[in-house]
Amino acid sequence: MDVGKRPHWACLVTPEGEAALNRPVANDERELSALFASVPKGTLLVVDQKRNIGALPLRVARSRGLEAAYLPGIAAHQAAKLFAGDAKTDERDALVIAKTAIGIPDALLPVPEPDETRDAARAMAAARDYAVACATRDKNRLRSLLLESCPAFEAECDLSDAATLSAMAAIGGPWAMLDAGRASVSAAARGMGRRSLEAALSAAKSCTRPPELMLAAENPQVRMLARRISEAMAEAGRLDGEISALLAGDETYRCLRTIPGIGPRTASELVIAIDVGEFPDHDHLASHCGIAPRNRRSGSSISSVSASRQGNKRLKNLLIFSCNSLCRSGSRFGEYYRRCRERGMCHGEALKATARKRMKVIYAIMRDRVPYAA
C-alpha cells in the first residue's frame, strides 16, 4: 500500500507475482476495513510510512488480524529503479512495494506492536524536538539582528541563559538596555551575573549607535524573539521532564541511565527508537545508529575503511556527543578515549571510536535489562 493523506493505493500481489487487486482506497476506517476483510487470510500488509498517514491502515490491519511490515521510503525509491519505466505514480509505487516485499523480503522492517507508554513518549519527544527547532531558528534570527546592530554585544550574549533572554524580552536590544540604565537591566535580568551584565553593557558602549529609525525597528523584534526563545526552551524542558517521568517505570530506561555518559535525553531516545530484538548483535545495532565504520573492498585494488554516513542521524549525534562527558573521566571509556588520542586520532575520531566501544555495553544492557557494572 502506497499510503497518502486522503487516498491510498492498494496493490494485492499473489506469490506468483500476479496483481490480483490494484485500486485506490480512501483513508477511511470503514473502507480500509472492507478492503482488508476481502483479502485472503495470511496476507501481509506492507506500507512505506508507518506513522502519520500510515498509522490508520496499520491500526485497521491489526484489528483484522493481518500482519504488517514496513518498507522505508528510501528503499522503495531505490527499488523502483529495478522496474521498467520511470513514471512516478501511486499505482506504480504500490506495485513496486508489493513486488519488492515478495522478491526481497530482507528489505522489510517489522512494525512493532503498540506500546502505550513508548508511543506517548515518542509523541512528546517529537513535540520537544519541534520546540528545540523553533528555539534554534529564533536564536539564529536574533543573533543576526544583534550582529547587524552591535557585534561586540552579540559576542558577550549567551542566548541559552534565561536571565539574558528575560532582559531582552522586557527591554529590547543593546541600545535600549543602555538607555534604560543598569538598574532597570539588573531588575529585568534576575539571575544574570554582575560580571556578565557589565561585560555586555561595556561591549555595547564600544560600538557606534545605529540610526534611531533602525533601533525603532530592531527593539520590537528583539523583544518578540527573546520571548519566543524563552517559551520554547521552557516547553522543551517541561517535555523532557514529562518524558523522564513517563519512562521512569521502564526497566530498559533505568538500566541505560547507569551507563557512563548516558543521561535522560539519550536514554529516552534509545528506548523510543530501538527495539533491540530486531538486531542479532551489537554490530548490526551500531550500523543502524551510524557509528560503525564502512569497509570498501574490490579484489586487491581497493581496500579502505571510512566513516559511515548512513544510519539514524539523531541517535548517531546523541551517542557521539554524549561521549564528551567521558573525555576526562576515570571510567573505562575515558581511558579508551585517551588511548585513542595517544594513537594519533583527533578529538572527533576518538569520540566516534568511544561511542562504538560503548555500543557493545548499550546493546548488552538493552538485551538483558541489567544495570551497568564496570
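**View 1. Asp-129 and Arg-265 form a salt bridge in this predicted model.** The closest N and O atoms of the pair are 3.6 Å apart. Asp-129 is buried because its relative accessible area, 18%, falls under the 20% cut-off. Arg-265 has 32% relative accessibility and counts as partly exposed. The pair also belongs to a network of salt bridges that share partners. Its members are Arg-128, Asp-129, Asp-240, Arg-265, Glu-269 and Arg-314.

**View 2. Asp-28 meets Arg-30 in a salt bridge.** Here the closest N and O atoms lie 3.9 Å apart. How accessible is Asp-28? Its relative accessibility is 29%, so Asp-28 counts as partly exposed. Arg-30 is exposed, with a relative accessible area of 71%. Side chains of opposite charge can pair when their charged atoms come close.

**View 3. Glu-212 and Arg-209 join through their side chains.** This contact is a salt bridge, with 2.9 Å from N to O. Arg-209 is partly exposed, at a relative accessible area of 33%. How many salt bridges does a search of the whole structure find? The search finds 20.

**View 4. Strands S1 and S2 pair side by side.** S1 covers residues 7-13, and S2 covers residues 19-26. The two strands run antiparallel. Seven bridges join them. Within the pair, Leu-12 stands opposite Leu-21 of S2. Is S1 mostly covered or mostly uncovered? Strand S1 is mostly covered: six of its seven residues are buried.

**View 5. A turn links S1 to S2 in a hairpin.** Five residues lie between the two strands. Which residue of the hairpin takes a positive phi? Gly-17 does, with a value near 95°.

**View 6. Four residues make a positive surface patch.** They are Arg-294, Arg-296, Arg-309 and Lys-352. Where does Arg-309 lie? Arg-309 is in the loop between strand S7 (302-306) and helix H15 (313-321). Arg-309 has a relative accessible area of 70%. That value is over the 50% cut-off, so Arg-309 counts as exposed.

Notes. Residues are numbered from 1 along each chain as its sequence is written. This is a predicted model: local features need pLDDT of at least 70, side-chain atom pairs count only at pLDDT 80 or more; totals for chains, interfaces and linings use all residues. Side-chain values use heavy atoms; hydrogens and water are left out. Patches are made of residues with over 30% relative accessible area and no salt bridge: like charges are joined within 9 Å, nonpolar side chains (Val, Leu, Ile, Met, Phe, Trp, Tyr) within 5 Å. Accessible areas come from the Shrake-Rupley method with a 1.4 Å probe; for residues, only the protein chains shown count as cover. Lys and Arg count as positive and Asp and Glu as negative; His and the chain ends are not counted. The place of a charge is taken as NZ of Lys, CZ of Arg, CG of Asp or CD of Glu. Helices (H or I, at least four residues) and strands (E, at least two) are DSSP runs, numbered from the N terminus. Buried means under 20% relative accessible area, exposed over 50%, partly exposed in between (1.4 Å probe, protein chains only). Two strands pair if DSSP finds at least two bridges between them.
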